[in-house]
Amino acid sequence: MAEKFLMPKLSPTMEEGQISRWLKQEGDTFEANETIAEVDTDKATMEMTALAGGTLLKILKGAGDTAALGEPIAITGEKGEDIAGLLSEISSNGRGKSPEKAEPKEEKREEKSEEVEEKVPTREEPNEVAKEGNEELKEEVSETEGRSYDYQRPEAKEDATDKSPKSKVQSPQFENGRLIVSPIAARMAVENGVDLKSVKGSGPSGRIIKRDIESAMESGQWSVVSGQKEEVQTTPSFSASQTQGASAYREETTSKMRRIIAQRLSESIGPIPTFYLTVEIEMDKALEFRKLINASLKEDEKVSVNDVIVKVAAMASLKHPFVNSSYRDDKIRFYEDADVGVAVAIDEGLITPIVRGANRKGIAEISREIKEMASRAREKKLQPEEYTGATFSISNLGMFGIKEFTAIINPPEAAILAVGTAKPTAVVEDGGFVARNLMNVTMSCDHRVIDGATGAKFLQTFKQMLENPILMLM
Amino acid sequence: MAEMTIRDALNQALREEIIRDENVFIMGEEVAEYDGAYKVTRGLWKEFGDKRVVDTPITELGFAAVGVGAAMAGLRPVIEFMTFNFSILAADQIINHAAKMLYMSGGQFKVPIVFRGPNGSAYQVSSQHSQALEAFYANFPGLKVVMPSTPADAKGLLKSSIRDDNPVVFLEQERMYGLKGEVPEDEDFLIPLGVADVKREGTDCTIVARSMTVPLAMQAAEQMQGEFDVSVEVIDPRTIKPLDIETIVKSVKKTNRLVIAEESHAFASVGAEISYQVMEKAFDYLDAPIKRISTAEAPMPYAKNLEELALPDVPKIVAAVKEVCYL
């Protein structure tokens with residue numbers, strides 16, 4: 001049977017989508033779960049997949065057109081089916097028309113305004129209608145002692161948005177595009193990525209119940225929901241990076257507050273709203289620590305203060321995931337490891353060879369890598385993957401006697417540490433003066449992900465670890 | 001531990017509390033010389049005399065009011081209603097006075113009183129004497145409502161109720177006075193109000209039962225295990241108000257299915273309240289609509305066969321469990 005294909009909800013905050021491109025053309029067939037179009041939502045370009053196989057009979061919204069949630073964007077069905085009835089239904093209730101959205105098309109509006117005036121809902125109205133419809137829907141469902149489970153099923157919106165009497169619930173399952181699922185079964189399906197459409201319900205009126213999900217999972221006869229899993233995932237797991245050797249990462253959907261913070265701060269200060277935090281660190285124990293390490297190493301293997309700092313920064317950043325993250329508009333990417341970029345001055349400028357997984361490496365190994373890469377950097381022999389894709393960077397100008405400076409963040413990293421020189425300084429202790437080696441470190445923070453307190457807490461950990469290197473073991 | 005009936009367990013609780021606290025006294029119709037209509041107060045008048053065990057005329061509103069006044073003045077009265085059907089006459093004192101006094105006196109007068117007696121159906125006592133009033137009393141802020149189902153619970157809960165500083169409606173069941181069970185003899189054996197008891201552990205379906213329906217639910221659970229290999233968990237809230245919903249919710253999250261068995265009528269019952277709270281707190285864990293077994297929506301018939309049909313029984317509970325388990 002030919003059906004309207006409605007604009008699905010592809011992100012939690014999506015209210016409308018713009019067709020980016022159709023991957024299937026009119027007349028093409030497609031399988032269940034196959035991507036048939038790409039849709040630009042408020043957040044990103046999303047793949048729109050078919051929930052069941054069929055043929056694309058008619059495209060109602062071409063590339064570049066915008067459709068509200070639940071608005072028909074195509075007609076699908078069997079090859080050669082007569083869709084004239086559906087088309088006239090769509091045009092008569094105004095749903096096939098271009099909605100007046102962000103980019104109103106003046107011509108069209110003028111042309112059709114007369115016939116459309118009464119029926120096309122204004123921007124606010126469709127929601128009202130949907131709400132009203134939903135309430136009706138709920139009442140009907142409770143009468144049949146079941147629960148509607150709409151979220152995977154864009155077609156179900158039809159009931160909610162279409163006020164015509166024919167959209168009343170007729171049979172509880174499938175025929176009008178609605179599943180009845182017990183709450184625990186729904187929950188289990190979401191948690192395990194089971195596509196409810198592939199499960200047969202054994203409860204009254206075909207209600208899908210717990211044991212149906214269990215037996216589907218046991219028999220392995222179920223298909224995975226595409227596109228939904230990422231939002232639903234609760235336990236963080238890391239996915240591998242495309243750059244070989246680079247840290248795995250996980251992404252979390254950027255919260256609305258985070259997005260607004262990012263947007264407002266960018267407006268104020270530029271694409272990366274940066275702020276700076278400076279901390280003074282007593283380096284005596286770190287220097288001693290370095291001396292201890294070096295005592296057992298050959299001359300050319302000796303580690304520098306900076307090597308110790310790289311290790312400490314890596315360890316500390318893992319305790320503060322936002323520092324080892326990357327702001328990507330709709331997502332914040334958190335890295336599993338700290339791939340620390342170390343700024344190295346070369347004749348023509350600056351390059352940052354990366355110590356991959358510095359958190360997992362020993363200081364001697366870090367030292368060896370930096371030395372080796374720095375020398376190749378000067379010979380311009382570094383491979384691109386050796387200097388791109390760090391998760392965090394360090395710039396040290398201590399050797400030039402610089403007391404304190406600010407470094408520029410290397411996007412898409414969220415922070416960079418600017419390390420000054422460690423200098424013996426008179427410090428008041430127990431009422432007297434003592435000489436302590438003090439070092440100033442300034443962190444430049446991407447305010448879109450790192451707030452003042454987040455950065456401060458990181459620096460606190462960083463400082464504690466340098467002042468008491470044994471804490472790195474904790 | 002000693003084996004005794006609920007009747008004797010209540011008697012023991014009363015006796016121990018009379019001895020423990022000189023402010024405790026019992027008052028009601030036939031509680032003294034006649035040893036109580038259901039012999040719950042047997043021997044107490046002989047042992048403690050007129051001051052502690054007081055016979056009253058047939059004047060529920062009057063002696064309930066005397067009890068409220070005595071409680072305000074610092075005593076701890078236990079008011080016995082021969083059946084809770086008669087408490088309806090005293091409802092103004094219970095609801096308008098005992099329940100509201102602490103609030104309306106701005107915390108000046110607490111009312112540590114227990115209203116106790118049999119609630120629900122007996123054997124062919126017909127429409128006016130078979131009512132289950134827990135939902136009625138539980139509806140009013142200021143009252144605690146307690147319903148024991150075993151001798152040990154009866155003793156521990158009555159002692160806690162007497163020691164509680166709030167008015168407590170303590171609902172017994174005439175059919176259950178002779179029910180036997182092990183009872184701790186410790187004089188300070190208390191069961192805290194507001195704590196449910198898992199009477200039987202199970203994994204597939206939860207039955208929430210109280211008072212008379214607890215033994216029925218236990219039998220139904222046995223039957224489900226034997227005939228269908230369905231493991232039923234039976235929870236007795238014991239206190240209706242405050243209600244230990246956490247224990248019920250925890251169980252439903254485990255079993256995903258809930259049957260509520262109760263002796264009251266269904267409409268606006270305690271079971272309706274439990275259903276709502278479970279829906280609110282464990283909606284996403286339910287695999288089937290919650291099912292209730294209640295007394296028929298009619299005044300209790302006198303005829304024995306009709307009375308049996310009107311009341312919850314084991315087959316009805318088994319059928320409900322099967323339904324929520326999709327069997």
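How many of the 5 residues of strand β14 (residues 291-295) of chain B are buried? The views below take up this strand and other parts of a predicted model.

**Conventions.** Residues are numbered from 1 along each chain as its sequence is written, and chains are lettered from A in the order in which they are written. In this predicted model, local features need pLDDT of at least 70, side-chain atom pairs count only at pLDDT 80 or more, and totals for chains, interfaces and linings use all residues.

View 1. In β14(B), 4 of the 5 residues are buried, so the strand is largely enclosed by the rest of the structure. Buried means that 20 or more other C-beta atoms, placed from the backbone, lie within 10 Å of the residue's own. Strands are DSSP runs of E, at least two residues; helices are runs of H or I, at least four; both are numbered from the N terminus. Strand β13 (residues 258-265) of chain B runs parallel to β14(B), joined by 4 bridges. Pairing requires at least two DSSP bridges. B:I260 has B:R292 as its bridge partner in β14(B). From β13(B) the chain passes through helix α10 (residues 270-282) of chain B to β14(B), a right-handed β-α-β crossover. Right-handed means that, with the strands pointing away from the viewer, the path from the first strand over the helix to the second runs clockwise.

**View 2. The buried side of helix α4 of chain B.** Helix α4 (residues 91-98) has B:Q93, B:I94, B:H97 and B:A98 buried. These residues cover an arc of only 115 degrees around the axis, which puts them on the same side of α4(B). The arc is taken from the directions from the helix axis to the C-beta atoms. An α-helix has 3.6 residues a turn, so residues three or four places apart point the same way. The cover over the buried residues includes α3 (60-72), α5 (101-104) and β5 (114-118) of chain B.

**View 3. Where chain A touches chain B.** Chain A gives 10 residues to the contact and chain B gives 9. Contact means C-beta atoms, placed from the backbone, within 7 Å. On the chain A side, helix α5 (residues 183-192) supplies the largest share, 4 residues.

**View 4. Confidence in chain A.** The mean pLDDT of chain A is 77, and 76% of its residues reach 70 or more. pLDDT is the predictor's confidence in each residue, from 0 to 100. Over residues 95-175 of chain A it is below 50. Residues 226-234 of chain A also stay under 50. Where pLDDT is low, the predicted coordinates should not be read in detail.

Technical notes. Buried ≥ 20, exposed ≤ 12 C-beta atoms within 10 Å, placed from the backbone. Contact = placed C-beta atoms within 7 Å.
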